[in-house]
Every structure is written in C-alpha cells, then in structure tokens.
Amino acid sequence: MEDTEARWTADQVLALAPDAASRTAGTRLAAPAPWSGTGAAGAAVWGLCAGSGSRPYQTVVDLSGPAFACSCPSRKFPCKHALGLLLLWAEGDGGPVAAGAAAPEWAEQWTAARRKKAEAAAAAAGSDAEPEPDAAAAGLDAARKRAERRAIRVEGGAAELEQRLTDLLRSGLAGSDRAGYQQWDEIAARMVDAQAPGLATRVRQLGTAAGAGGDWPSRMLEEAGLLHLLARGFLGRQGLPGPLAETVRTRIGFTVDAADVLAGPLVRAQWLVLAQYDTADERLTTRRIWLYDAVGGQFALLLSFGAAGRAPELTLPVGTVLDADLAFRPAAVPLRAVLGTRYGTSVPEDVPPGTTVGAALDSYGAALSQDPWLDAWPVLLTDVVPLPGQDRWRVADAAHDAAVPLLGADHWRLASISGGRPVTLFAEAGATGFRPLAGWTRASPRPIPLPTPRAP
C-alpha cells in the first residue's frame with residue numbers, strides 16, 4: 001500500500017513534542033544511523049531504533065490520530081523515538097523512510113488493534129439499544145439530585161467569596177503585596193471544597209497579581225472586579241440569557257460531557273490547525289489547539305488535559321487541514337469545541353485571509369462585551385510587521401495605522417519570518433497585548449509555529 005498521508009514538515013513534527021527536552025532528544029535521533037527497518041504505508045510509519053539495550057525499540061505512529069507506540073520505557077507521548085522517526089519520515093520520499101513497504105508484524109498488530117477499537121466505538125455509538133425505562137429514570141433522578149447538591153455548594157462558595165472580596169476592598173489593597181500568598185491559597189481551597197474550580201483558579205490569579213510588581217493595585221482591582229462579577233453572575237443565573245448563563249456555569253467549573261455536546265449540532269468543515277501548545281501547573285497539563293475554517297471564518301478551540309507531568313493525548317500537527325465534524329459547547333461566545341468524526345487530512349493550499357490590527361481589536365472588544373472573563377481571543381492578522389522596541393516588541397499594520405504590544409521579550413523567529421516585510425500572523429489577543437503563535441512566509445501556505453512566550 002502506498003503512502004497516502006501528506007508528509008509533514010519538521011516544524012509540524014516538533015510542535016507535537018510534549019516539552020523542550022523531547023524536542024532536543026528527538027532532533028538528535030533524526031539521523032539514519034540508529035534506525036533500521038523503517039517504512040511507511042497508508043497512515044502508519046514504523047521503525048526500529050537502537051538504544052542502550054540489546055534489543056532495538058519498536059516505534060510506530062498512526063498519522064491519522066496521530067497516535068504513538070514505542071517499546072521504550074518513556075512516559076512521554078510522543079517519546080523522543082517517535083519524534084525522531086517522524087523527522088526522518090518528513091524528509092520526503094527520497095529520505096530514509098520509504099513509502100509502500102510491508103509493515104512488520106508488530107506494527108501491523110498495533111495498527112489493527114487501533115482499527116478494531118475504532119470500529120467497536122463506532123458500533124457502540126450507532127447502537128439503538130436504550131436502557132430500561134425504570135433504570136433510565138432512576139439514573140436521571142440521581143443525576144438531578146447530584147446537580148442540585150452541587151449547585152447549593154457552589155452558591156455557598158460564591159456567597160462566601162463575595163464577603164471575602166467585600167472585606168478586601170473595605171480594608172484597602174495597601175499591603176496586599178506584603179501579606180503573602182497563604183490567604184489566597186486558603187480561599188482557593190475553600191472554593192475547591194465548594195466544587196467551584198473556576199472560582200479557585202481566579203482567586204489564585206488574584207493572589208498572583210498582588211506580587212507581580214508594577215501597577216499591581218490596578219491589576220488586582222480588575223481581577224477582583226471580574227471575580228465579583230462571576231460570583232454574582234452565578235447567584236443570579238436564573239435572570240441571565242441562556243448563552244450567558246451557560247458561560248457563567250462554564251467559568252465556574254461546570255462541564256458538559258463531550259458525548260452530550262456531540263449529540264447537538266455539528267459543523268463539518270476543512271479545519272486548519274493553527275497552533276498547539278501546553279501549559280502546566282502542579283495538578284494538570286492543559287493543551288490548547290486552535291483551529292480555523294477559512295470558508296466560514298470561524299475559529300475553534302480544543303482543550304485536552306493530562307495529569308501533572310504527562311502530556312494530554314489529543315495531538316494535531318500544526319499546518320494540517322482536518323476534514324472533521326466539530327460540536328461547539330454552549331456559550332455566549334462559542335469558541336470551545338469537541339472534535340467529532342474525522343474524515344481525512346490534507347495540506348493547505350493558500351494562506352488564510354486575515355484582518356487589520358484595528359479590526360482585530362474591535363472583534364476582541366465585541367467578544368469581551370459578551371464574555372468579560374475571556375482569557376484569550378483568536379486573531380488572524382494580514383500584512384503586519386513585527387517591530388522591536390526598547391522595552392517591548394509590537395506588531396503593526398504595514399501602514400503603521402495601528403500597533404499593539406507583543407507578549408514576551410524575544411520574537412526574533414517572527415522577525416526572521418517577516419524579514420522586514422508584511423506577514424500573516426495568528427495570535428491570541430489578551431488584556432495586555434497579543435501572544436503570537438504562528439506566522440506564514442510568502443513561500444508556503446503552511447503556518448510556522450512560534451515559541452509561546454509567557455506574559456510579563
């Protein structure tokens with residue numbers, strides 16, 4: 001069987017790495033010397049990589065997932081061997097990984113098991129079997145009671161938080177930067193006990209603002225205002241419009257099962273994978289994947305989670321075009337989506353159209369009016385130029401009609417893509433500037449991933 005998957009670029013492969021150490025180690029393995037028995041057929045790529053032991057590691061990748069398997073002991077997905085193999089495969093038909101080879105038994109067994117699992121899941125999803133009426137009614141009643149109990153706990157937490165914020169403002173913000181983080185950690189723990197993880201996260205952000213330096217009182221007051229608004233929104237949710245009430249519930253920490261979301265309206269389109277990056281704390285690793293439908297002009301955000309120290313399972317190569325169904329979670333500003341059926345992948349033919357800096361700021365402002373708790377808003381900019389400054393970089397329209405700060409301090413890769421000429425740029429708009437995530441050269445319609453700088 002011939003290689004039917006379009007070969008990825010090295011940037012696309014390295015964007016899959018769970019961390020910087022894996023990127024470095026995978027790059028070192030992107031040489032023919034340690035590899036043998038490599039090949040590609042259909043959506044599978046495989047190879048044997050010599051390691052420190054007597055037996056080589058068996059590495060196989062399912063490009064349609066993508067999914068990875070390796071006999072090495074690493075707990076990272078993909079591991080360095082999978083990254084090295086994909087980098088070799090990305091060199092093209094004349095490289096070390098030839099297309100059309102017959103898969104070895106160990107690779108075929110793994111890919112066959114994945115096909116069988118997918119077929120079983122599809123059969124289960126299409127089954128018409130329904131639970132007995134009495135059992136279904138009992139299950140619904142139990143779920144309703146659990147939801148009611150949780151709502152009461154969250155209401156108690158929101159009321160307590162309101163009182164804490166009132167006490168904070170009555171006593172004044174002076175000295176909050178010297179009071180330490182313990183009080184905020186204790187309040188956050190109380191919100192976790194109240195089953196309101198969204199409130200807990202924002203309480204921690206409030207505590208962080210106090211020690212951030214600069215004009216921290218203004219930032220702290222802004223965070224306190226947003227936190228108060230969220231608590232009040234939940235307590236008065238019955239009087240809110242439906243989409244806004246759903247937004248408040250989501251920000252508080254209520255979730256809707258992915259299966260229930262997929263049971264609603266689906267949007268099938270050619271989704272360009274714009275960016276993928278991870279953020280982590282001591283509890284959780286969160287992966288954000290941005291998609292864009294150029295025909296419909298619609299963005300979508302996929303979130304995937306992994307336990308602390310482990311990469312989330314969902315991985316989509318930046319720069320591929322995914323023919324797939326998406327279902328959007330209910331919200332005042334529908335961005336978060338659930339990935340449904342995937343029908344195939346391709347490569348982009350053109351650079352997607354974007355907008356000006358001014359129009360992007362207008363769209364961000366309109367989104368904030370619907371959801372004031374937005375952490376990031378996707379913007380696609382056309383004909384912009386990155387400009388270094390004494391303290392911060394900026395991005396400006398080619399005519400310099402409007403400019404905004406770029407988050408982070410080092411944007412030389414973006415500058416190298418630009419070369420002083422206008423480029424297309426994908427970024428996240430936030431309260432203090434734009435976070436650049438991908439750029440396009442004039443030579444290729446594929447986005448080039450950019451380092452994800454931390455906000456100052």
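**Exercise 1.** Determine whether Arg-288 and Glu-428 are buried or exposed, and describe how they pair.

*Solution.* Step 1: Arg-288 and Glu-428 are both buried, where buried means under 20% relative accessible area, exposed over 50% and partly exposed in between (1.4 Å probe, protein chains only). The model is a predicted one, in which local features need pLDDT of at least 70 and side-chain atom pairs count only at pLDDT 80 or more, while totals for chains, interfaces and linings use all residues. Residues are numbered from 1 along each chain as its sequence is written, and side-chain values use heavy atoms, with hydrogens and water left out.

Step 1: Arg-288 forms a salt bridge with Glu-428, with the closest N and O atoms 3.5 Å apart; a salt bridge is a side-chain nitrogen of Lys or Arg within 4 Å of a carboxyl oxygen of Asp or Glu.

Step 2: This pair links distant parts of the chain, since Arg-288 is in strand E6 (residues 284-293) and Glu-428 in strand E13 (residues 423-430), 140 residues apart. Helices (H or I, at least four residues) and strands (E, at least two) are DSSP runs, numbered from the N terminus.

**Exercise 2.** Characterise the largest cavity by its volume and its lining.

*Solution.* Step 1: A search of the whole structure finds 1 cavity of 30 Å³ or more. On a 1 Å grid over the protein atoms alone, a cavity is a set of points where a 1.4 Å probe fits but cannot get out, and lining residues have an atom within 4 Å of a point.

Step 1: The largest cavity has a volume of about 120 Å³, a volume being the space filled by probe spheres set on the points, which are joined across faces, edges and corners.

Step 2: Its lining has 16 residues, with Trp-8, Leu-63, Pro-317, Thr-320 and Thr-345 nearest the centre. E9 gives the most to this lining, with 3 residues.

**Exercise 3.** Which residues of H6 are buried, and where do they lie around the axis?

*Solution.* Step 1: Helix H6 (residues 182-193) has 12 residues and reaches 17 Å from its first C-alpha to its last, close to the 16 Å expected at 1.5 Å a residue; the expected span is 1.5 Å times one less than the number of residues.

Step 1: The buried residues of H6 are Trp-184, Ile-187, Ala-188 and Met-191. They are on the same side of H6 because they cover an arc of only 100 degrees around the axis, the arc being that of the directions from the helix axis to the C-beta atoms.

Step 2: After H6 comes Gln-195, whose phi is positive, near 60 degrees.

Key. On a 1 Å grid over the protein atoms alone, a cavity is a set of points where a 1.4 Å probe fits but cannot get out, and a pocket is an open set with protein on both sides within 12 Å along at least five of seven lines; lining residues have an atom within 4 Å of a point.
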